[in-house]
Amino acid sequence: MSERASAAASSCSSSLPTSWRRVEEAPLTVCFGRPDGWDEVPASELQSTWRSPDGAYDLSVKRDRSYGSTPQAASAGQLAWYRDTAESSMADIEVTTHRTRQNGRDALWLEIDYHWARQSEPRKRLEVFVAGRAGHVYQLLVDTEATAQRLAEQRRLFATARESLRIDVSAG
């Protein structure tokens, strides 16, 4: 990798809408944008999650190698976990997969329609999987109820979060 590409990979700088704030998660070697006023859900060593003030949207970034080192393997493993309703509490999952680019790399974008077990309200989850260094795969997602108004806002949130996502970020 060239010095310039390496510097770009380690930089958290990107322009954000005025109503967004930068999140730097050094343990996950990632930074991304999230809307102002969102609350952080207690983080884990693999994931950072933020919730909208009204609780309608979740935005999460995960860095993991549990399911493999490619977007295809990671998304297949994650979907298998989602389909285990006893583990994930998700039911009646339908998935549309798109090939895309993220951070200059091949990636997978998933649209997941589902509902929570023992609830009937439809939900939608938009996710992108992109391979990083050292066998890790980054997963960015935005989840919400599947109503017309929420889905339009979800697409906007997902697009802005994807634009701001920086992976394999070095500390300091």
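Is Glu111 buried or exposed? Glu111 is buried, with a relative accessible area of 9%. This report returns to that residue after describing the chain as a whole. The structure discussed here is a predicted model.

## The chain as a whole

The protein chain contains four helices and 10 strands. Followed along the sequence, these elements are arranged in the pattern α-β-β-β-β-β-α-α-β-β-β-β-α-β. The radius of gyration of the protein chain is 16 Å, close to the 16 Å that the globule rule gives for 172 residues, so the chain is as compact as a globular protein of that length. The C-alpha trace spans about 50 × 35 × 30 Å along its principal axes.

Two further values describe the interior of the protein chain. Of its 172 residues, 45% count as buried. Among contacts with a separation of 6 or more, 48% are accounted for by residues 24 or more positions apart.

## Salt bridges

Side chains of opposite charge can pair when their charged atoms come close. A search of the whole structure finds 12 salt bridges.

| Salt bridge | N to O distance | Relative accessible area of the partners |
|---|---|---|
| Asp106 and Arg101 | 2.6 Å | Asp106 55%, Arg101 49% |
| Glu111 and Lys124 | 3.7 Å | Glu111 9%, Lys124 11% |
| Glu153 and Arg156 | 2.5 Å | Glu153 27%, Arg156 40% |

The salt bridge between Glu153 and Arg156 has its setting in a helix. Because they are three residues apart in helix α4 (residues 148–164), Glu153 and Arg156 are separated by about one helical turn. Glu153 counts as partly exposed, and so does Arg156. Elsewhere, salt bridges that share partners join Glu111, Asp113, Lys124 and Arg155 into one network.

## Aromatic rings

Which kinds of arrangement involve aromatic rings? The whole structure contains four aromatic pairs. One of them is formed by Tyr114 and Trp116, with 5.2 Å from centre to centre and 80° between the planes, and this pair is edge-to-face. Tyr114 counts as buried at 3% relative accessibility, whereas Trp116 is partly exposed with a relative accessible area of 25%.

Arg34 lies over the face of Trp50, at 4.4 Å from the ring centre.

## Loops and backbone angles

Glu45 is located in the loop between β3 (39–41) and β4 (47–51). With 69% relative accessibility, Glu45 counts as exposed. Glu45 and Arg63 are 18 residues apart in sequence, and their C-alpha atoms are 8.7 Å apart in space.

Most residues other than glycine have a negative phi. Where are the residues Asn103 and Asp168, and what is the phi of each? Asn103 is in the loop between β6 (90–102) and β7, and its phi is near 55°, a positive value in a residue other than glycine. Asp168 lies in the segment after β10 (166–167) and has a positive phi of about 55° although it is not a glycine. Their accessibilities are as follows: Asn103 is partly exposed, with a relative accessible area of 29%, while Asp168 counts as buried at 6% relative accessibility.

How values were computed
Residues are numbered from 1 along each chain as its sequence is written. This is a predicted model: local features need pLDDT of at least 70, side-chain atom pairs count only at pLDDT 80 or more; totals for chains, interfaces and linings use all residues. Side-chain values use heavy atoms; hydrogens and water are left out. Rings of Phe, Tyr and Trp (its six-membered ring) pair if their centres lie within 6.5 Å; planes under 30 degrees apart count as stacked, over 60 as edge-to-face and the rest as tilted. Buried means under 20% relative accessible area, exposed over 50%, partly exposed in between (1.4 Å probe, protein chains only). A charge sits over a ring if NZ of Lys or CZ of Arg is within 6 Å of the ring centre and within 35 degrees of the ring normal. Helices (H or I, at least four residues) and strands (E, at least two) are DSSP runs, numbered from the N terminus. The radius of gyration is taken over C-alpha atoms; the globule rule is 2.2 Å times the number of residues to the power 0.38. Contact means heavy atoms within 4.5 Å. A salt bridge is a side-chain nitrogen of Lys or Arg within 4 Å of a carboxyl oxygen of Asp or Glu.
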